[in-house]
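I opened my notebook to look up how charged side chains pair up here. Come along as I go through the entries.

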Amino acid sequence: MQARAVRPSARRQKGGKAVCSAGSGLQAGNGQHHVLRSVQNNVGRIERSAVSASVGARRVSSTSSVGYASRGAVACSAGKVAVLGAAGGIGQPLSMLVKMLPSVKELSLYDIQGTKGVAADLSHCNTACKVTGYVGEEELTSALEGCDLVIIPAGVPRKPGMTRDDLFNINAGIVKSLATACAEVCPNAILNIISNPVNSTVPICNEVYKAKGITGASARILGVTTLDIVRSNTFLAEECGLDVDQVDVPVIGGHAGVTILPLLSQMRPKVQLENKRIEELTTRIQNAGTEVVEAKAGAGSATLSMAYAAARFAESCLRGLQGDKVYECAYIESSLIPDLEYFASKVQLGPNGVEEVFEVGQVSDFEQQGIEGLIPELKKSIAKGQEFAKN
Ligand SMILES: NC(=O)C1=CN([C@@H]2O[C@H](COP(=O)(O)OP(=O)(O)OC[C@H]3O[C@@H](n4cnc5c(N)ncnc54)[C@H](O)[C@@H]3O)[C@@H](O)[C@H]2O)C=CC1
Ligand SMILES: O=C([O-])CC(=O)C(=O)O
């Protein structure tokens, strides 16, 4: 059974997003948004039209209900995307992947250093997207003008021994100032928040928009947890000997330690795993970021896999803006779990950002314990972000 659209039973939650029960067959991203396939299609071709054609065909076959013409607040016939923190470890490969998306016509690269060189370099790639580099606060407004989507990987990464929350003191201020600029210059743009700790930086952005009286923004302020899904799909495909393109594991909660909760009981295709193995795989997914931090031994955290994941999520957001119904997991303001104001869950993306929020659905006893166990930590991180933003 596929849970696709608003069902009559859907109930509204704050921000105008509807809540639906999760259908067991609902697949993140419809299994169709393949950034790397776009890239592969592009490499070695003199003309890009073949890529556009294949993406166009995908769009026609989707369950599109809202076209360009009927889009409301956010106009996106020529997608303009900004990457803030574009000269960094994530920012550079992410910017390259975004430049290869056929729906992106303009790409703004903003950072406090280094973007002129990155933009000059990227601008030589023969894709139709125009790239401009902006450096320093005085150029931030120009970078953001007319943006449909703003992706934020600005901030410091972890070193071995640190938690994501240890980044709060530096990154909270960076994200707050960037969110303030977005709220002023492109309040209708969708924000993809990558900067850690995501569990706190997303509440910070929402508080900034609320303080400015911008309504409905919580549907457009999305914490990017896609790397957790990408990792889960990879590990489970390896574990079960499956084609990774066929594997879809929803991951809910948040994006730090035990707040990352893969729902292996809802994995597609359905597999049988021993309880002990489920626990081991869950722990590996929760610690996968730390695995990379330790392997990089002081040189930062995940950059390439994060760029891949963020490009997939950005592509889904852009497809939503263009009227496709696309499913992803994202960390958003939510009323799914009593007592938690933010939660990552399956959502449907559309022209206004998150259009539907799907209930967690049926979970195993182990996963239920995981949900109960993550609440105190997530609650603390949310409150920390909210308090910071208000002061
Ligand atoms: N959500 C997720 O799943 C993941 C999140 N991350 C987070 O992403 C962030 C970035 O990681 P990396 O790219 O590896 O770090 P990095 O240090 O390589 O790059 C960060 C970039 O941000 C820039 N920057 C700093 N302050 C800025 C400001 N005020 N405005 C614009 N740009 C500014 C820096 O100049 C730098 O170029 C970190 O906080 C990291 O923890 C990393 C991996 C996964
Ligand atoms: O672990 C980190 O610090 C970066 C991150 O969020 C991830 O890789 O999931």
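Is Lys-379 buried, partly exposed or exposed? I looked it up in this predicted model: Lys-379 is partly exposed, at 38% relative accessible area.

**Entry: Lys-379 and its partner.** I found that Lys-379 makes a salt bridge with Asp-339, at 3.1 Å from N to O. Lys-379 belongs to helix H12 (residues 365–390), while Asp-339 sits in the loop between strand S11 (326–333) and strand S12 (342–350), so this pair ties together parts that are 40 residues apart in sequence. I noted Asp-339 as exposed, with 57% relative accessibility.

**Entry: a network.** Next I looked for salt bridges with shared partners, and they join Glu-239, Lys-276, Arg-277 and Glu-280 into one network. Within it I checked Glu-280 and Lys-276, whose side chains meet at 2.8 Å, N to O. Both lie in helix H9 (residues 275–286), four residues apart, so about one helical turn separates them. Glu-280 is partly exposed at 34%, and Lys-276 is exposed at 57%.

**Entry: a pair in helix H7.** How far apart are the closest N and O atoms of Lys-210 and Glu-207? I read 4.0 Å for this salt bridge. The two residues are three apart in helix H7 (residues 198–211), which means about one helical turn lies between them. Here I wrote down a contrast: Glu-207 is buried, with a relative accessible area of 10%, whereas Lys-210 is partly exposed, at 39%.

**Entry: the total.** Finally I looked up the count, and the structure holds 12 salt bridges.

How values were computed:
Residues are numbered from 1 along each chain as its sequence is written. Chains are lettered from A and ligands numbered from 1 in the order in which they are written. This is a predicted model: local features need pLDDT of at least 70, side-chain atom pairs count only at pLDDT 80 or more; totals for chains, interfaces and linings use all residues. Side-chain values use heavy atoms; hydrogens and water are left out. Buried means under 20% relative accessible area, exposed over 50%, partly exposed in between (1.4 Å probe, protein chains only).
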